[in-house]
Amino acid sequence: ESGVNGLITPCHEYKSFAIATELSKTQLQSKFACEVIRFASACMNIRTNGTIHFGIMDSVEDKGWKHGQIIGIKVKEREYYVDALDYIEKCFCKTVQEIARKCIHPPVFVEVISKDSQEQRFVVEVDIEPTSSLVKNRLFEVYLPKYNEVSQKVTLTKDRVLYQRLGAKSEPVEHNNLATFIQGLQNRDAEREKAELSSAEVHTETSENLGRKLSILLNDGKSYMDDSLRYILVTNRCEKDNLNCINFLMHLNIFCVFDFDENSNVSGLYSKYKEHHTTRAYFLQDFSNESKTGNPPSQKHLCLYDQTSWIFCNGRSDFLGDEKPCDENTWIRTKKKYLKKAITRICDEILPKRSFIVLFLLLSPVQKPLVDTFQEFYTEMNGAEYIVCIAESRENYGKWANLAQASCSIETLEQCSIVGMKLSHIDATILSMLPSTAQPRHLPVSTRGLCTLPSLEEEKLFSLEILCVDQCDDIKLDLLTEKEIQEIEQNFYRGRKIIWENFWLADTRRCGEIIEREACKEATKLLDDILQGSRLNYSVAKLKIFHHPGSGGSTIARQVLWKKRKDLRCAVIKASYSPATVCEHALAFRDYEEKEISHCLPVLLLIEDYDEDYLEELRNELMDAVATRKINSPRPYFILMCCRRSNDPERLCKASPLDTVAVTHKLMDSEKILFRTKLEKLKQKDVKPEFILTFVLMCEEFNETYVRDFVGHILQDIDSSSRDTCLMRYVALLNFYVPNSYVSLSHCEAFLGLGVYTERMSRAYDFKSHLSEQARMIFIELRESTTYISSVQIIHCLVAKEILHQLSRNEPQSQLAMTLLQEKTLFENRFGREEFIKFIRDLFIRRDKRSRGDNTDTLFSPFIEHVCKAEDCEKAIAVLKAAYELLGKDPFFAQQLARLHYNNEKFKDAEHWAGVAKFHLPNDSYILDTEGQVYR
């Protein structure tokens, strides 16, 4: 238990609570609430963070236990403790009830494991966090709940009491001290604000850009590594676990090594290094004329081009000529003398000035001989300009700095030192700067360096598509043909969703730059505001992008990810996995290779075309997971960038302007110039307009007249009876009415009679070559980035709408749907069948909802509503019946038939179909509601 300690560091109070757990629910809750509210009031009035622990001994009356000993309590129902905090509304004044709710965190249950017992026990903890923005200028008097044994009811104490922390206890403010306590309120508020600012500054300090510092120090100011510098390595014992984190040494141009690890030649750094390089080993005494081995190493020896001189500095030896080893003091003096000779020879006789860097790698606790070496180099080199020190352990560095400042100031040491950065991050950061090494995938870390993400670790996070710092850098530019680059670029401008290769090719100037719309700048600014911390201080923040279909919203979202991939951990959520799985992987992704989870980089997660319930469930999962860690950070743990189609994005943006961006087909004047300039550049490359149709339409802001004329021109002289025209109509029907729908390439090939398609077979035909010229222009082939399954879409949903209109002038849409339902080759094709059936199902029963960004809330699917309006309800009923039979007598189709009948006053038929639906699902609430509506 503790008193006030700096306000941000929580004070602690213990309650054994052993007796209370055996009481009734009402008694337990009143006792729990009484202790929490008294403690919370005291903390909030003093403005200190605090934690009250239930299940830890708080007295020494029972001699079998010690004060502060963890015993844990049996928890029958967690809800008892959570609901007990509802007393907040009864015990605090109305004016501060909401504030108290925000300051008093929900209970956290920490399991206690005892080797002597199999019984499950917990310590229940409640955190109090009175942030200055909430509690400023306020006092928190409280009533306390007490259980009356006589009436067996809970009553509140007669008077409100003002509590404070006095030492390790929560005590009432005495009446004669009340005025003084109130007068001190402003001072306590000021102290709290100061403490919060100091805490934030500490956080900022830990985020120093060590990655850049490392790059500059090791490369003499350059951001890349070449062979212009040699390196002298000075190191001590390397633990076995660290041997896999020093691969960068294998790629440095090392001239010689001063090795202070006596076991290095057996199992340490030397044994690892010599597996990769030829080395010439010396003991330190070899550098002395007094050595009984003869002459010292010559300049020729030390300058061998393909060998590294490895100098062992730690072994005791009888090299002085005595029969017995020399005494310790003689050895230390002699070693220091020879060390000086070796360093003088290297610095003055062999290596030119400014051509080498001395790298001190402190891998274990520092001994004085290592510091002596630093002092000799510092003296010979007239300063520390070409000296670099790397230490993962702050403790090792602290001892080093204390001893080394005999030679130079602590400020100078700090300028040339990388401290606190994980060795694996140092390894990955340096390897990423080497042009000759194969590039693994890397992630940013909180020290602003990098860590390696092996394939095996990435595969464990399968619900996330991870965007790495060096995404696509493994692609060999010289192996990409101009035709392949042109195809990647043109596919995007034809309407295919943007891929990371598009950004990468633009960055490497192998194709034109990608236009950055104003909405992208807005989204980036909102993201920066979120990262700087806001008054809301959410652990899981949201940034929403609502966009007209085909207006580039998905491109903007990915543009933001691409721009931020070096500063944040970025990934795209695969919403096919459960929120619990995504949450688990997101936490692992955030923590991966980080030393302190309180200082990890925030994670930016993109989720597209999501269901609102899924998003809320995911956000709650993430927030609950963060809450259990009890870490106060000015920045959010996670930012969910939610990108979704909407027919009215501006309305949704207006409803939530602080975290929402609207993307429309309408271009700003500045954007029009960019688009027209880009179009001219594409034309100058001899790119035909038909290969960039979506971009051309974008330049015209999807003007209805332009789209109509454009589609009319394409469809001129089309063969209406051909198989591929029929396929065009089917795909257009789905694409217009069902957002994000597609037809798998396998389905298309089966429909066109091109045989069974498999990815592994070498295809004896080209799908596109079997299409008419018109179909080739309006179809775009998509490929899923993780499964590599190919599919087909119309280049834009507005083009799909116009194709459907122009190709179906003489055929009602109900007839087109009826014909589609009779296409056995499509429904019986097994490859991608599940997705195809889902899109067909959505065509008939997915309703528009404003909550999804649609213009209206519809009673039926837009397709069924169109048939009812443009044709008649009988046609709609007929096509729904056909779908019901084809799709395995789906009860929800029966439900829709019941609704369609009773909305058209066909009550007997409505009763029949409601009964059919109920027969399949007798307890479904939606179907029972439909039955009720029929009878009503």
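Here come some questions about the labels, each with its answer.

The model is predicted, so local features need pLDDT of at least 70 and side-chain atom pairs count only at pLDDT 80 or more, while totals for chains, interfaces and linings use all residues. Residues are numbered from 1 along each chain as its sequence is written, and side-chain values use heavy atoms, with hydrogens and water left out.

Q: Why is the aromatic pair of Phe-32 and Phe-54 called tilted?
A: Rings of Phe, Tyr and Trp (its six-membered ring) pair if their centres lie within 6.5 Å; planes under 30 degrees apart are stacked, over 60 edge-to-face, and the rest tilted. Phe-32 and Phe-54 are 4.6 Å apart centre to centre with 45° between the planes, so they count as a tilted pair. The structure holds 31 aromatic pairs.

Q: What makes this pair a tie between parts of the chain?
A: Phe-32 lies in helix 1 (residues 25-46) and Phe-54 in strand 2 (residues 50-54), so the pair links parts 22 residues apart in sequence. Helices (H or I, at least four residues) and strands (E, at least two) are DSSP runs, numbered from the N terminus.

Q: Why does Phe-32 count as buried?
A: Buried means under 20% relative accessible area, exposed over 50%, and partly exposed in between (1.4 Å probe, protein chains only). Phe-32 has 0% relative accessibility, so it is buried. Phe-54 is buried too, with a relative accessible area of 0%.

Q: How do you know what kind of pair Phe-844 and Phe-863 make?
A: Their ring centres are 5.7 Å apart and their planes stand at 85°, so the pair is edge-to-face. Phe-844 is in helix 34 (residues 833-845) and Phe-863 in helix 35 (residues 862-870), so this pair ties together parts 19 residues apart in sequence. Both Phe-844 and Phe-863 are buried.

Q: What makes Arg-565 a charge over the ring of Trp-562?
A: A charge sits over a ring if NZ of Lys or CZ of Arg is within 6 Å of the ring centre and within 35 degrees of the ring normal. The charged end of Arg-565 is 3.8 Å from the centre of the Trp-562 ring, and it sits over that ring. Likewise, Arg-558 lies over the face of Trp-500, at 5.8 Å from the ring centre.

Q: Why are strand 19 and strand 24 said to stand at the edges?
A: Two strands pair if DSSP finds at least two bridges between them. The open sheet has 6 strands in the order 19-21-22-23-20-24, with mixed pairing. Strand 19 (464-467) and strand 24 (660-663) each have a single partner strand, so one side of each has no neighbour in the sheet.

Q: How do you know that strand 20 and strand 23 pair?
A: Strand 20 (residues 540-547) and strand 23 (residues 638-645) share 8 bridges in the parallel sense. Within this pairing, Leu-543 stands opposite Met-641 in strand 23.

Q: Why is Ile-410 called partly exposed?
A: Ile-410 has 25% relative accessibility, so it counts as partly exposed. Ile-410 is found in helix 15 (residues 410-415).
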